[in-house]
Amino acid sequence: MTSTLYRHGVIHSAADPFAEAILVDGTTIAWIGADDTADGLAQQADEVVDLDGALVAPGFVDAHAHVLATGVALEGVDLSPGAGVGSLADVLAAVHGAAEDARRGPSTVWAQPLLGFGWDDHRWPEGRAPSIDDLDRAGGGAPVYLARADAHSAVVSSSFAEVAGLRALPGWHDDGRVAGAAHARAREVARDVPVGRRDELYRLALRSAATAGVVSLHEHSTPSTDTREGLTALLAMTGDPSSGLPHVVGYRGEACVTSDDAHEVLAAIPGLTGIGGDLLIDGSLGSHSAALRAPYTDLPGADRGTLFLTAEQVCNHVAAVTRAGVQAGFHVIGDRAMDEFMIGLRAAVDVEGVDAIRGAGHRIEHAEMIDAMTLAGLVLLGVHLSMQPAFDAAWGGPDGMYATRLGAGRAASLNPFADVAAAGIPLAFGSDSPVTRIDPWAAVRAAVSHHQRDQRISARAAFRAHTRGGWRAARLEHTGAGELRVGAPAHLAVWRSERLAVQGAGGATSGWSTDARAGTPLLPDLDPQAEPPRCVRTVRAGTVLHDELG
């Protein structure tokens with residue numbers, strides 16, 4: 001075991017908000033304090049790092065990610081607006097270029113489909129999504145799978161549809177769009193890679209996360225995104241800090257009816273934290289599959305989306321998983337889906353008792369549409385919320401996708417971070433990668449700058465949701481992770497930032513008070529015009545995962 005002294009910097013610690021140095025001894029934090037006191041420790045430390053003003057802060061936790069899908073997307077064709085894709089023509093040009101590159105390879109046989117991710121047709125000048133005919137022409141006959149930005153629907157080419165057997169499945173559309181069961185099958189084919197290749201993709205995704213200051217991810221595995229064997233391998237691969245990879249918390253989205261079902265899942269996947277996570281009650285707003293009380297405003301008729309689980313199924317699953325002693329979790333986006341969840345949860349309370357349900361710390365993922373009555377029920381029953389601020393940044397606002405799907409009035413109520421925080425509901429932030437990229441500071445900025453001013457929260461509250469909140473959501477708060485204090489695990493990241501500040505909701509900054517009673521640790525300036533913070537070292541339990549300091 002070795003020790004590292006970091007000094008001449010700014011330490012983000014509520015235990016000592018004016019600390020300038022921190023000592024990591026083995027896997028834990030051994031000391032935090034002033035530079036003048038650090039002089040005596042420097043002689044004893046195995047490594048002394050001159051921070052030169054850098055910020056040392058708790059490492060981020062991404063509370064909702066899909067590791068294999070993230071790895072696949074990192075090596076696929078990036079069709080997101082962030083990659084400069086702003087039209088159907090851009091998408092087809094990217095597909096054509098990728099197909100031509102593949103043809104110049106050593107073989108003309110398509111061993112793997114051409115995969116693209118992140119397209120969002122909301123503002124495209126053509127006013128429509130890609131079609132099967134478009135992909136057949138652009139790909140020149142290649143098997144092509146292009147996932148929409150929300151990952152709840154996709155468009156495929158003719159050859160991919162034939163290989164995957166999609167045309168006879170529910171959710172197939174003749175224009176090549178796949179949703180529901182057809183999309184689940186398409187995702188299985190897209191992620192079907194040999195074991196060695198799968199492990200490479202895990203490492204690619206996790207190392208990318210480490211460069212963003214992430215020390216832990218919550219993997220939300222489902223049968224369409226990964227196998228049981230894959231999740232088992234991922235948890236084993238990351239179980240020890242010596243792996244050089246971030247810690248992974250495992251959730252598996254398989255519905256249970258009895259506690260025997262739950263125990264079977266737990267036996268099959270050692271180290272599982274919860275059964276659920278991305279267990280879908282509904283779909284997404286972008287793909288018109290989120291279940292709503294009132295119809296979508298941009299669809300004809302009375303389409304209100306899709307419910308994939310009933311309240312009875314929710315009740316059975318919650319009761320079964322509670323008896324098995326682990327967390328349940330559900331993907332919930334629309335308000336009708338939230339109603340169904342609450343009916344099922346209350347029914348489970350009637351079976352198991354309020355103390356058992358509350359003590360289990362069950363989770364909802366996304367929870368974009370929450371009213372006051374639902375908030376009260378969530379508080380009473382101890383439900384944790386895992387939310388994604390980047391969703392509001394990408395799709396909120398009067399001209400955003402949410403307003404198109406729902407109308408301005410309903411859209412204005414989405415992602416109510418301030419209401420959730422004020423209610424005292426445990427809150428954790430994540431990316432839902434690859435739906436949005438793993439960029440925690442961008443998520444913190446999005447929460448501070450929510451499109452609705454009354455739903456903005458302070459930078460400190462958002463930062464805590466993306467650090468300590470993630471450990472709490474996984475029921476690991478007892479370890480002390482998520483804070484820099486003596487005796488806590490040394491999960492931290494070192495950041496270069498042009499300016500540090502105390503920032504309230506809306507991004508308003510204040511100068512740092514020298515009054516010790518202020519007691520508010522500093523964070524990077526998150527003004528949109530400021531240079532983003534740069535991670536120069538990520539440390540998990542004393543082990544360096546990413547390093548630009550050397």
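The legends below describe close-up views of one predicted model. In this predicted model, local features need pLDDT of at least 70 and side-chain atom pairs count only at pLDDT 80 or more, whereas totals for chains, interfaces and linings use all residues. Residues are numbered from 1 along each chain as its sequence is written, and side-chain values use heavy atoms, with hydrogens and water left out.

View A. The largest pocket has a volume of about 1,300 Å³. On a 1 Å grid over the protein atoms alone, a pocket is an open set of points with protein on both sides within 12 Å along at least five of seven lines, while a cavity is a set of points where a 1.4 Å probe fits but cannot get out; lining residues have an atom within 4 Å of a point. Grid points are joined across faces, edges and corners, and a volume is the space filled by probe spheres set on the points. The lining of this pocket comprises 50 residues, of which Ser80, Gly82, Val435, Thr436 and Arg437 lie nearest its centre. Elements H2, S9, H7, H14 and H18 each supply at least two lining residues, and H18 gives the largest share, with six residues. Helices (H or I, at least four residues) and strands (E, at least two) are DSSP runs numbered from the N terminus. By class, 26 residues of the lining are nonpolar, 16 polar and eight charged. Here Ala, Val, Leu, Ile, Met, Phe, Trp, Tyr, Cys and Pro count as nonpolar, Asp, Glu, Lys and Arg as charged, and the others, Gly among them, as polar.

View B. The largest cavity has a volume of about 110 Å³ and is lined by 15 residues, with Asp150, Ser284, Ile333, Glu368 and Phe391 nearest its centre. Helix H14 (389–395) and helix H15 (401–406) each contribute at least two residues to this lining, which divides into seven nonpolar, five polar and three charged residues.

View C. Helix H2 (residues 67–75) is largely enclosed by the rest of the structure, because seven of its nine residues are buried. Buried means under 20% relative accessible area, exposed over 50%, and partly exposed in between (1.4 Å probe, protein chains only). The buried residues of H2 are Val67, Leu68, Ala69, Thr70, Gly71, Val72 and Ala73. Their cover includes strand S7 (60–65), strand S9 (114–119), helix H7 (195–211), strand S13 (214–221) and helix H8 (228–237), where contact means heavy atoms within 4.5 Å.

View D. The peptide bond from Ser433 to Pro434 is cis, with omega near 15 degrees; Pro434 is placed in the loop between strand S19 (427–429) and helix H18 (440–448). His8 lies in the loop between strand S1 (3–7) and strand S2 (10–11) and is partly exposed, at 35% relative accessibility. Asn415 occupies the loop between helix H16 (408–411) and helix H17 (417–423) and is buried, with a relative accessible area of 1%.

**View E. Cysteine sites.** The count of disulfides (pairs of cysteine sulfur atoms within 2.5 Å) is zero. The sulfur of Cys315 is 13 Å from the closest cysteine sulfur, in Cys256, and is therefore too far for a bond. Cys315 is buried, with a relative accessible area of 10%, and Cys535 is buried at 4%.
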